[in-house]
Structures are given as C-alpha cells and as structure tokens.
2 protein chains.
Amino acid sequence: MKIAVLGTGMVGNTLATKLVQLGHQIMVGSRTANSSAGQEWLRSVGGKGQIGTFADTAAFGEIVLDCTNGANSIEALRQAGAANLRGKVLIQVGNPLDFSKGMPPTLTVCNTDSLGEQTQHEFPDVRVVKALNTVNCDVMVNPSSVPGEHELLICGNDAGAKAQVAGWLSEWFGWKPESIIDLGDISNSRGTEMFLALWVRLWGKFGTPHFNIHFARGK
Amino acid sequence: MKIAVLGTGMVGNTLATKLVQLGHQIMVGSRTANSSAGQEWLRSVGGKGQIGTFADTAAFGEIVLDCTNGANSIEALRQAGAANLRGKVLIQVGNPLDFSKGMPPTLTVCNTDSLGEQTQHEFPDVRVVKALNTVNCDVMVNPSSVPGEHELLICGNDAGAKAQVAGWLSEWFGWKPESIIDLGDISNSRGTEMFLALWVRLWGKFGTPHFNIHFARGK
C-alpha cells in the first residue's frame with residue numbers, strides 16, 4: 001500500500017519505519033523536498049522509501065498519516081494541499097501541544113474545539129480519523145510492549161474510514177480489535193486531545209512514556 | 001471524626017451517607033441552613049447527621065469535603081468562609097463542568113488554570129487536596145465495585161495533607177494505597193480536571209458511569 005507520512009519528527013519516523021518493515025511503499029513529507037530530517041530517515045531504512053514535500057507526499061499516498069507537530073498541523077496540511085488529500089483517509093496522530101512555555105505543555109486549542117475538528121472543518125472532503133494520539137510512538141507500533149489490557153481511542157465522522165483504520169491498526173501494529181474504542185464523531189477529539197493534559201503529567205510521574213490506559217468497567 | 005460535606009448533590013449525599021455508616025459525625029452544608037435537599041438527606045440516614053449552611057458546616061468539620069458543583073465551588077467556599085476553613089484539609093471532589101449548553105459539558109476553566117489552583121489561590125491557608133474527581137460517586141465510596149486494578153489520582157501542595165487524604169480514602173472507602181497516585185502539586189489539577197472531557201464521553205460510550213482508569217505500564 002502507498003502510504004503518506006507527513007512529518008519527520010519522532011512519531012513520523014517511528015510509524016514510517018515500521019510500515020517500511022511491513023513492506024509498504026512509504027513517502028515521508030516535510031516542508032522542503034530534501035530536508036535533512038527526511039534524508040536521515042531514508043538512510044535509517046536503507047533507502048527503502050521516498051521523501052518529498054508535504055504536497056508530493058500527500059499526492060503519493062493512498063492514505064495519509066498526519067504526524068505533523070499538532071501546533072502546526074493545519075498549516076502543514078494546507079501545504080499538503082486540499083486537492084492532494086481529497087477523498088483520502090487521513091489518520092491524525094498529533095496533538096496541539098504548546099511547549100513554548102516549558103513543561104508540562106498546554107494545548108493551543110481545547111474545550112470548545114479541537115485540532116481534529118479544525119482539520120475536518122478546513123478539509124471537508126478528507127476522511128479524518130483521530131487515532132493513536134493518546135499513546136507514545138513506541139506504543140503505537142508495538143502495543144504488546146505494554147503488558148496487560150489497554151485501549152486505543154479513535155473518532156471521526158466517517159464510519160467506513162474508522163472501520164478501515166481500526167483494521168489497519170490491527171494488521172500493521174497488532175492492536176486487538178476489541179481494544180480499539182470508537183468514541184463517535186470527530187468532536188470527540190476534544191476528549192482524546194484534552195487527555196494529553198493528564199498524559200504529559202503521568203509521563204513525568206512514571207518517568208517513562210511507555211504506558212497506556214485501560215478502562216476497568218463495572219455494571 | 002467531625003467531617004464537613006459541602007454540597008447536597010448526588011456526590012455530597014453519597015459521600016456523607018457512607019461516612020455516617022462508618023460512624024463519623026457528619027454535617028452537610030448548603031446555601032441555606034434548612035434546604036430541602038439537606039432535609040431529604042438527613043431523613044435518608046435516619047437523622048444520624050446534621051445539616052447547616054456552608055459556613056456552619058465548614059466551622060463544624062475537622063476536615064472538609066468540597067462536593068459543591070464545580071462551576072460554583074469558589075462562590076460556595078466564599079460562603080463557607082476563609083476563617084472557617086483555615087488550616088483544614090479540604091478534599092475537593094468537584095470538576096468545573098458547564099452543562100448549560102447540553103451534553104457533553106465543557107469546562108469553565110482549563111488548560112492554563114484549574115479549579116484546584118483557583119481554590120488554593122483564593123484560600124492560601126487551606127490545605128487543598130484534589131481527589132476523587134476522576135470517578136463517579138458510587139465508585140468513590142466502593143472502588144471494588146469496579147473489577148480489576150484501577151487507580152485514583154490526587155494532587156496538592158501539602159505533602160502531609162495528601163498523605164492524610166490517601167490514608168482516609170483507604171480507611172473509609174477501601175482504596176488500596178498502591179492505587180492512589182500522587183501527581184504532585186495542585187497545578188496537576190489541570191490534568192485530572194481536563195480528563196473529564198474524556199470521562200464524560202466514555203460515560204456516554206459505555207452507557208454507565210461505573211468505570212475507572214488503570215495505567216498499564218511498560219518499561
């Protein structure tokens with residue numbers, strides 16, 4: 001499968017590398033066609049991929065993994081281009097975290113709106129699915145590295161897109177279908193993005209980002 | 001022990017009733033000395049308690065459980081009176097939820113501030129501990145009603161107060177000491193209060209408020 005990975009940070013690199021290992025055709029996009037971060041990633045996978053601009057990459061992919069820095073995702077997606085994204089499933093992994101005032105970060109949007117909603121609103125023809133944004137990238141691609149039961153939260157307006165994404169997350173990374181909780185429409189991004197305010201503090205408390213939440217349920 | 005319970009909503013009633021059953025001396029406070037909600041609670045426990053104004057109640061308690069509606073807690077605590085609260089441990093259970101625009105609610109304060117911080121700031125001589133605000137009241141008083149491991153998050157500026165609160169939560173309700181996670185100072189209320197944005201959506205998804213979070217941890 002031809003998969004576009006937007007963003008050359010740790011999250012984009014980790015997902016792109018895992019998908020290369022699985023035999024997919026991967027292009028990794030950044031602001032410039034030949035970014036040093038992109039070249040470094042390409043070397044790390046022995047050249048088994050491509051790099052390009054956000055627009056090149058969005059045009060290349062049958063599906064798009066948006067791993068851009070959440071505080072700048074809308075601008076990055078504008079550079080990717082609505083025409084290149086149209087009709088495609090876009091898995092948005094990033095959170096709108098603002099680290100400019102130190103740790104722990106705040107959110108650039110929350111409570112009455114979310115990055116997921118802003119993205120769907122700006123790109124109405126894109127099938128936006130918010131997913132993977134509640135776990136560290138090592139956990140994203142290897143959920144069994146965290147012992148015991150734990151869950152992933154997804155949301156989006158397009159039921160078909162969500163079903164496809166859930167299937168891919170199982171196939172690619174080993175997320176158990178019963179561990180993927182569909183919260184409903186994209187407005188539920190408010191819930192999963194605002195969870196980050198707790199997540200970043202737990203990261204500090206636990207001293208590791210390698211944890212995840214499990215929902216224990218009574219009657 | 002003389003315990004003040006501020007608030008005659010479901011949360012205050014549930015905690016007050018459980019504490020009466022445990023043999024504590026309980027006063028439940030509301031805006032007026034003889035509120036119908038207060039009278040109803042008093043009847044429900046066979047008269048084994050007292051009711052009064054917020055100020056009467058705060059003066060009565062050796063410790064204070066703030067179970068007021070989070071959107072109005074600061075005003076309720078002003079009515080309780082700084083002099084009546086001074087030096088006491090105040091366990092703040094409420095979240096600043098705004099239900100005025102329907103479900104799911106938003107938060108009246110979040111991201112760069114929190115109700116916990118506002119409370120500590122307004123009442124610097126009170127030993128504020130944010131606790132129990134991440135679970136439904138039935139789970140608060142009976143954590144074993146939710147099967148498996150699951151955790152409670154607390155925070156506050158006063159280490160001694162937090163240790164006392166953790167001890168009481170174990171003694172009163174059966175929270176296992178190892179299940180109580182101290183996130184640090186009161187600014188961590190931002191994390192636990194913002195978790196409510198996810199909690200309310202999970203409540204809708206699961207169709208029950210009787211769940212809790214467990215943190216599965218890797219390396």
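Helix α8 (residues 159-173) of chain B lies across β1 (2-6), β4 (63-66), β5, β8, β9 (152-156) and β10 of chain B and runs at about 60° to β5(B). Contact here means heavy atoms within 4.5 Å. Angles run from 0 to 180 degrees between N-to-C directions, with axes fitted as lines to C-alpha atoms, for helices over the stretch in contact. Helices (H or I, at least four residues) and strands (E, at least two) are DSSP runs numbered from the N terminus. The model is a predicted one, in which local features need pLDDT of at least 70 and side-chain atom pairs count only at pLDDT 80 or more, while totals for chains, interfaces and linings use all residues. Residues are numbered from 1 along each chain as its sequence is written, chains are lettered from A and ligands numbered from 1 in the order in which they are written, and side-chain values use heavy atoms, with hydrogens and water left out.

The sheet of chain B is open and has eight strands in the order β3-β2-β1-β4-β5-β8-β9-β10, with mixed pairing; two strands pair if DSSP finds at least two bridges between them. Because β3 (50-53) and β10 (180-182) of chain B stand at the edges, each with a single partner strand, one side of each is left without a neighbour in the sheet. Neighbouring strands of this sheet are turned by 25° against each other on average, direction ignored. Within the sheet, strand β5 (residues 89-92) and strand β8 (residues 127-130) of chain B are parallel and share four bridges, and B:L90 has B:V128 as its bridge partner in β8(B). Helix α2 (residues 36-44) of chain B lies across β2 (25-30) and β3 of chain B, at about 165° to β3(B).

Chain A also has an open sheet of eight strands, ordered β3-β2-β1-β4-β5-β8-β9-β10 and mixed in its pairing. In chain A, β3 (50-53) and β10 (180-182) are the edge strands, each with a single partner, so one side of each is left without a neighbour in the sheet. Helix α4 (residues 73-80) of chain A lies across β1 (2-6), β4 (63-66) and β5 of chain A, running at about 155° to β5(A). Two residues of helix α4 of chain A, A:R78 and A:E75, lie three residues apart, about one turn of the helix. A:R78 forms a salt bridge with A:E75, their closest N and O atoms being 3.6 Å apart; the term requires a side-chain nitrogen of Lys or Arg within 4 Å of a carboxyl oxygen of Asp or Glu. Over all chains, the count is 16 salt bridges.

What joins the two chains? Seven bridges connect β11(A) with strand β11 (residues 211-217) of chain B, and these strands run antiparallel. In β11(B), A:I213 has B:F215 as its bridge partner. The contact takes 38 residues from chain A and 38 residues from chain B. Chain A and chain B bury about 3200 Å² between them, 66% of it on carbon and sulfur atoms; buried area is the accessible area (1.4 Å probe) that two parts lose on being put together, summed over both. Between chain A and chain B there are zero salt bridges. On the side of chain A that touches chain B, β7 (106-107), β10, α9 (189-206) and β11 (211-217) of chain A each supply at least two residues. The largest share of that side, 11 residues, comes from α9(A).
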